[in-house]
Amino acid sequence: MRITGGELRGRIIKCPDGIIRPAMDKMRESVFSILGDLSGKSFLDLFSGSGTIAIEACSRGADFIELVEKDRIKTTTVISNVSITEKEMNKRINCHFMPVELFLERCKKQYDYIFLDPPFPYKFHLNLIERIDKRNLLNPNGIAMIHRPEEKPMPDSVGKLLLSDRRVYGRSIVDFYSSN
């Protein structure tokens, strides 16, 4: 996998052992193109896998970045991958190795952007967006993005969050939910 834009563009990222479904380069490039410049923004990468989305956000200017991954098999690779942001950009990505659901229950911060990439067999896509809304984890005008398979539809609104965009990449869909 490679970083598709920003200061670290073209850098190769290691893929960890275990089950992983890395976000396609084309999809990542498109999503970050939609978001634009992330300078000064905060970014949360949930179901991080290899850390690529968090690194991409950092590469494109985000200042406060956190990632969450529960699979301990991926820990060494994730830490190795995110270390390039410290070495080359002097920016730190905070890593949490725990279930996303537990992180969302404990989280007391708000973010400008939240990217969720649960495994496609995961059954609780809607519940994740509901938790983000109920816990008020998005800053005003923040965006939560969820990557999902086409066979798992999502509603046009979830609490105070409104579907503002939907992009289709083969059988993958990214829904963008905006806070008011």
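This is a predicted model: local features need pLDDT of at least 70, side-chain atom pairs count only at pLDDT 80 or more; totals for chains, interfaces and linings use all residues.
Visitor: Let's start with S39. Why is S39 called partly exposed?

Guide: Buried means under 20% relative accessible area, exposed means over 50%, and partly exposed lies in between (1.4 Å probe, protein chains only). S39 has 44% relative accessibility, so S39 counts as partly exposed.

Visitor: Where does S39 lie?

Guide: Look at the loop between α1 (25–35) and β1 (42–46). Those names come from DSSP runs, numbered from the N terminus: helices are H or I with at least four residues, and strands are E with at least two.

Visitor: What makes R60 a contact of S39?

Guide: Contact means heavy atoms within 4.5 Å. Leaving aside neighbours within four places in sequence, S39 is in contact with R60, G61, A62 and D63.

Visitor: Why is the link between S39 and D37 called a polar contact?

Guide: A polar contact is a pair of N or O atoms within 3.5 Å; within protein, one must be able to donate a hydrogen and the other to accept it, and residues adjacent in sequence count only if both atoms are side-chain atoms. The side chains of S39 and D37 are joined at 2.8 Å, so the pair is within that limit.

Visitor: Now to S59 in helix α2. How do you know whether S59 is buried or exposed?

Guide: The relative accessible area of S59 is 5%, so S59 is buried. The side chain of S59 also reaches the backbone nitrogen of L8 at 2.8 Å. Not counting residues up to four places away in sequence, S59 touches I3, G5, G6, E7, L8, R9 and M89.

Visitor: What makes a group of residues a nonpolar core?

Guide: A nonpolar core is a set of buried Ala, Val, Leu, Ile, Met, Phe, Trp, Tyr and Cys residues joined through side-chain atoms within 4.5 Å. The largest one here has 30 residues, and V31, L35, L38, F43, I55, I93 and M145 touch the most other members. Several elements supply at least two residues each, including α1, α3 (75–89) and β5 (138–149). Helix α2 gives the most, with five residues. A second, separate core of 24 residues includes V68, I114, A144 and I146.

Visitor: Which residues of α1 are buried, and how do you know whether they share a side of α1?

Guide: The buried ones are M27, R28, V31, F32 and L35. They cover an arc of only 120 degrees, taken from the directions from the helix axis to the C-beta atoms, so they are on the same side of α1. The face turned away from that buried side carries the exposed residues K26 and S33. The buried residues of α1 pack against β1, α2, β4, β5, β7 and β8.

Visitor: And what about α5?

Guide: In helix α5 (residues 125–134), H125, L128, I129, I132 and D133 are buried. Their arc is 135 degrees, so they line one face of the helix. There is a handy general idea behind such faces: an α-helix has 3.6 residues a turn, so residues three or four places apart point the same way.

Visitor: Why is the pairing of R171 and E151 called a salt bridge?

Guide: A salt bridge is a side-chain nitrogen of Lys or Arg within 4 Å of a carboxyl oxygen of Asp or Glu. The side chains of R171 and E151 meet at 2.5 Å, N to O, so the pair qualifies. The two residues are 20 residues apart, with R171 in the loop between β7 and β8 and E151 in the loop between β5 and β6.

Visitor: What makes K74 and E69 a salt bridge?

Guide: Their distance is 3.9 Å, N to O, so they are within the limit of 4 Å. Both K74 and E69 are buried.

Visitor: How do you know whether R166 and D175 are buried or partly exposed?

Guide: R166 has 33% relative accessibility, so R166 counts as partly exposed. D175 has a relative accessible area of 0%, so D175 is buried. Their side chains meet in a salt bridge of 2.5 Å, N to O.

Visitor: How many salt bridges does the structure hold?

Guide: There are 14. R28, E56 and R60 are linked in a network of salt bridges.

How values were computed
Residues are numbered from 1 along each chain as its sequence is written. Side-chain values use heavy atoms; hydrogens and water are left out.
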